[in-house]
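I am opening a notebook on this protein and will write down what I look up, step by step. The sequence and the structure come next, and my entries follow them.

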Amino acid sequence: MKIKHLIAGLLMSAVASGAMAQNAPSADDLIKWRQSLHQVLAWNMGRLKANVGGQYNKAQAQKAANLIAAIANSGMGELYAPGTEKGNKVKTKMKPEMLTDAEGVKKAAMAFSQEANELAKVVNGGGDASAVKSQLGKLGGTCKGCHDDFKNK
């Protein structure tokens, strides 16, 4: 009986894998997903900015910083696949250089990830509002740099 279940499970996995391979995400899907991630990043950057500019709430700052770090380390670069410099139905402001300047993109991605991780470390390590604000500025600088280089106005 157990072998029967194992074989059935393996067959179902093989069928599911084949179906998924045939249904690769479209350029429009990838664009929408990366734009959604950027909206979540912007929302959490805004939460942090408001937090350090007013009544500092460590729990709120931790939630925002941890989410930013999670996205920075999520492998979101896969959403910038060839063919996603323009969509069929979804508009994007991505410059073609995003797909051709591998060294520049790698440098920008590494800087973003490093500063996002440092922000989470500062917030979770007991940093006060001024330390968080300083690190938030460094993280924001990586966002601006990438936008300057790889996003059309």
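Predicted model: local features only at pLDDT ≥ 70, side-chain atom pairs only at ≥ 80, totals over all residues.

Entry one, the overall layout. I looked up the elements and found 6 helices and 0 strands in the protein, so that, read from the N terminus on, the order is α-α-α-α-α-α. Buried residues make up 27% of the 153 residues. Of the contacts with a separation of 6 or more, 71% are between residues 24 or more positions apart.

I checked whether the length of H5, which covers residues 102-124, fits its residue count: at 1.5 Å a residue its 23 residues should span 33 Å, and because the end C-alpha atoms are 33 Å apart, the two values agree. I then looked up which of its residues are buried, and the list is Gly104, Ala108, Phe112, Ser113, Glu115, Ala116, Leu119, Ala120, Val122 and Val123. Among the elements that cover these buried residues I found helix H2 (27-53), helix H3 (58-72) and helix H6 (129-150). After H5 comes Gly126, and I noted that its phi is positive, near 95 degrees.

How far apart are the axes of H5 and H6, and at what angle do they pack? The axes are 9 Å apart and the angle is about 165 degrees. Angles over 145 degrees count as roughly antiparallel, and therefore H5 is roughly antiparallel to H6. The crossing of the two helices is left-handed. On the H5 side the contact includes Gly104, Val105, Ala108, Ala111 and Phe112, while on the H6 side it includes Ala131, Val132, Gln135, Leu136 and Phe150. Sorting the residues of this contact by type, I read 15 nonpolar, 3 polar and 3 charged.

I turned to Thr84, which lies in the loop between H3 and helix H4 (97-100). Is Thr84 buried or exposed? A residue is called buried under 20% relative accessible area, and Thr84 has 1%, so Thr84 is buried. I then looked up what Thr84 touches, leaving out residues up to four places away in sequence, and the list is Ala27, Leu30, Ile31, Arg34, Leu79, Thr92 and Met94.

Note on methods. Residues numbered from 1 in each chain as written. Heavy atoms only, no water. Helix = DSSP H or I, 4+ residues; strand = E, 2+ residues; numbered from the N terminus. Expected span 1.5 Å × (residues − 1). Buried < 20%, exposed > 50% of the residue type's maximum accessible area, 1.4 Å probe, protein only. Contact = heavy atoms within 4.5 Å. Axes fitted to C-alpha atoms, helices over the stretch in contact; angles between N-to-C directions. Parallel < 35°, antiparallel > 145°, perpendicular 65-115°, else oblique. Left-handed = near helix turned anticlockwise from the far one by under 90°. Nonpolar A, V, L, I, M, F, W, Y, C, P; charged D, E, K, R; others polar.
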